[in-house]
Amino acid sequence: MFKTSQEIRLNTTASSNQRNRGENVSGFGKYYKTPDSDRYSTQPPQVFVAPELTDPSLVQLLHFPNGALRVNSHVNFIIKRNGVKGNFEVKLENPSGHQIFVPLKIIDPERFEVSFSLVEAGLYKVHIKCNSVTLPKSPFIIVAISGFDLEPKTKVELPVFKSDASKVTYRGLGLSHIILNEKNEFFIDGSSAGNNILFVGIFGPKGQCDEVVVKHMGKNVYKVTYQVDDPGDYLLAAKWGDDHIPGSPFSLSTN
């Protein structure tokens with residue numbers, strides 16, 4: 001904002017002629033606008049919009065790598081909004097301290113895919129922000145190692161288990177229907193089936209279930225808890241060693 005003056009020049013010739021004829025005319029000269037009324041904007045109108053306040057602690061990272069990786073490994077993980085609105089920004093800081101923006105691939109309105117390669121050995125930091133707010137625990141650390149194999153040189157052989165998957169029993173509502181956005185659970189009893197390893201997996205409309213927890217309650221009785229957020233049909237598989245338990249795979253639906 002600033003103050004300026006306007007100079008108004010009257011037609012002095014016409015004014016003199018009118019005065020000579022006796023007409024009542026106004027004087028001529030310089031007229032200035034008063035300071036109070038002489039206000040003009042120097043910039044076009046601007047509207048500032050603040051981003052919606054959200055809770056970044058709700059955001060999840062799926063399939064983020066744990067432990068050390070080899071140089072030239074390709075890293076791929078998922079950012080899941082869980083209802084958090086706003087724009088996400090991902091920067092990768094390499095061992096030399098240089099930061100680059102990592103493009104995000106939209107899988108669906110709730111999930112983004114992040115991909116990049118580890119081209120040198122050292123400590124990498126993944127900085128993630130939502131609406132310019134840093135996510136809790138960011139930066140996330142990845143270690144790249146070169147010069148030797150990360151895999152053990154000797155292959156571990158599993159023991160030969162004596163078991164009978166047909167004798168495994170189960171119970172619980174989590175094997176008959178699914179409640180969205182809540183913990184679903186069921187129990188698997190292998191106390192009469194001998195010793196073996198229990199494997200449980202759930203596959204849905206958008207791939208693997210985000211969360212499956214298997215807890216040993218003792219005497220080969222297991223409590224399985226899972227949660228899904230997407231409606232649709234799911235397939236639940238439960239194996240006692242190499243064999244499916246009775247009824248597996250189970251066909252479930254959120255409807």
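Modeller: Buried means under 20% relative accessible area, exposed means over 50%, and partly exposed lies in between, with a 1.4 Å probe and protein chains only. This is a predicted model, in which local features need pLDDT of at least 70 and side-chain atom pairs count only at pLDDT 80 or more, while totals for chains, interfaces and linings use all residues. Residues are numbered from 1 along each chain as its sequence is written, and side-chain values use heavy atoms, with hydrogens and water left out.

Biologist: Are tyrosine 222 and tryptophan 240 buried or exposed?

Modeller: Both tyrosine 222 and tryptophan 240 are buried.

Biologist: Why does cysteine 130 count as buried?

Modeller: Its relative accessibility is 1%, and the limit is under 20%. Cysteine 209, at 14%, therefore counts as buried too.

Biologist: How many aromatic pairs does the search of the whole structure find?

Modeller: Seven. Rings of Phe, Tyr and Trp (its six-membered ring) pair if their centres lie within 6.5 Å; planes under 30 degrees apart are stacked, over 60 edge-to-face, and the rest tilted.

Biologist: Why is the pair of phenylalanine 88 and phenylalanine 112 called tilted?

Modeller: The ring centres are 5.6 Å apart and the planes stand at 50°, so the pair is tilted. It links distant parts of the chain, 24 residues apart: phenylalanine 88 is in strand β4 (residues 88-93) and phenylalanine 112 in strand β7 (residues 111-117). Strands here are DSSP runs (E, at least two residues), numbered from the N terminus. Phenylalanine 88 is buried at 12%, and phenylalanine 112 is buried at 9%.

Biologist: What makes the pair of tyrosine 222 and tryptophan 240 edge-to-face?

Modeller: The planes are 70° apart, with 6.1 Å from centre to centre. Tyrosine 222 lies in strand β16 (residues 221-227) and tryptophan 240 in strand β17 (residues 233-240), so the pair ties together parts 18 residues apart in sequence.

Biologist: Which residues form one aromatic cluster?

Modeller: Phe64, Phe77, Phe116 and Phe140.

Biologist: How do you know that arginine 171 lies over the face of phenylalanine 187?

Modeller: Arginine 171 is at 4.5 Å from the ring centre. The rule asks for NZ of Lys or CZ of Arg within 6 Å of the ring centre and within 35 degrees of the ring normal.

Definitions and conventions
Helix = DSSP H or I, 4+ residues; strand = E, 2+ residues; numbered from the N terminus.
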